[in-house]
Amino acid sequence: MSTDNDTETDDSGGHCSTPDSDGEVAEDIAIVAFERKRDTAAEIVAGIGDRYDSIDILDYHGDVFAEHWGEYDCFVGLMASGIAMRKTAGLLDDKWEDPAVVVVDEALTWAIPLTGGHHGANQVADDLASMGAVPAMTTASEAAGKQGVEERAKALDTHVVNGDSTVATNLAVLDENLGPVARLDGPQAVVVGDDVTVLKRNSDDGVVLGTGSVSGADEQQFRDAWAASLAATDYDIDDVEFVATGTRKADEEGLLAAAEALGLGVVAFEKETLEAHEGPTPSRSKELIGWPGIAEASAIAGGRDNELLAEKERYDEAVTVAVGK
């Protein structure tokens, strides 16, 4: 049994033959279930199936994981964790290539990522939480309530190029020493060390929401402002690559909450970067505190082409938004 929301990419009878290349999100998943648990498997398909390109149900037998290893981004084992661990342990080779594995009990009480937490398992466990399961995540950054590098990559619609670097950069996340994600435009060559994680954009098109605000603006004000700003363009929220702002606004709770709710990453640019990408609309902040207008400058700095698609607009006397690309 399968659902397939992207038939153009599916030529293997219901699922893609290789996992998603960015290794950070699950798009094609398989639920492995004993025959007596097929009704629960069908409930999962009905509950979260529309969130994936395809979702199949595979009948459990001793070699089912081995037979389908590499065909899916994530396996959901509807079984005891010990069974899934014994049957998949010998198949594991590389965290960036191996499919993620999650186990869930028949009562949908627990969703436990076993492997590939940052590569789809945590995502699937979170989705299962919408059906009542408690996601039991043990990856260090999530356990500490922080956003790991792989999660940042997903939120920014990018993928990690050099996977080995994430050990060092995720330790920096835990120590709160990573800082904002830097942005480089090409063509140019860069030299990086082993502790620098390189993120490459997934899409060729998209927009950036440059955002400033008064202190204390709440989540709904940001969300309403972003929706209104996009309504004046040919883009919608699904086309947004990330939210851009200045470092002086990087800790605004309403902005961070709105971005998290929409699955968007936040990039905070330094004052010097914003000054190099100043927008056309005069800003009071430059007169008062010496900062260029954050909304337009961050939209231009964050856009792939460093272009302003929509000049800044102020909404609810609280949030200012410009759209860049």
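What follows is a conversation about a few residues and the terms used for them.

Guide: This is a predicted model, in which local features need pLDDT of at least 70 and side-chain atom pairs count only at pLDDT 80 or more, while totals for chains, interfaces and linings use all residues. Residues are numbered from 1 along each chain as its sequence is written, and side-chain values use heavy atoms, with hydrogens and water left out.

Visitor: What makes the pairing of Glu-296 with Thr-281 a polar contact?

Guide: The term asks for a pair of N or O atoms within 3.5 Å, of which, within protein, one must be able to donate a hydrogen and the other to accept it; residues adjacent in sequence count only if both atoms are side-chain atoms. The side chains of Glu-296 and Thr-281 make such a contact at 2.6 Å. Glu-296 itself lies in helix α12, residues 294-302.

Visitor: Why is Val-196 called partly exposed?

Guide: Buried means under 20% relative accessible area, exposed means over 50%, and partly exposed is in between, with a 1.4 Å probe and protein chains only. Val-196 has 33%, and is therefore partly exposed. This residue sits in the loop between α7 (166-174) and β9 (199-201), and together with Leu-184, Val-190 and Val-192 it makes a nonpolar surface patch of about 330 Å².

Visitor: How do you know that Arg-36 is exposed?

Guide: Its relative accessible area is 61%, so Arg-36 falls in the exposed class. Arg-36 is found in the loop between β2 (28-33) and α1 (38-48), and its C-alpha atom is separated by 9.9 Å from that of Asp-59, 23 residues apart along the chain.

Visitor: Which of the two classes, buried or exposed, does Leu-108 belong to, and which does Glu-317 belong to?

Guide: Leu-108, in the loop between β5 (100-104) and β6 (110-115), has a relative accessible area of 9% and is therefore buried. Glu-317, in the loop between β13 (308-315) and β14 (319-324), has 62% and so counts as exposed.

Technical notes:
Patches are made of residues with over 30% relative accessible area and no salt bridge: like charges are joined within 9 Å, nonpolar side chains (Val, Leu, Ile, Met, Phe, Trp, Tyr) within 5 Å. Accessible areas come from the Shrake-Rupley method with a 1.4 Å probe; for residues, only the protein chains shown count as cover. A salt bridge is a side-chain nitrogen of Lys or Arg within 4 Å of a carboxyl oxygen of Asp or Glu. Helices (H or I, at least four residues) and strands (E, at least two) are DSSP runs, numbered from the N terminus.
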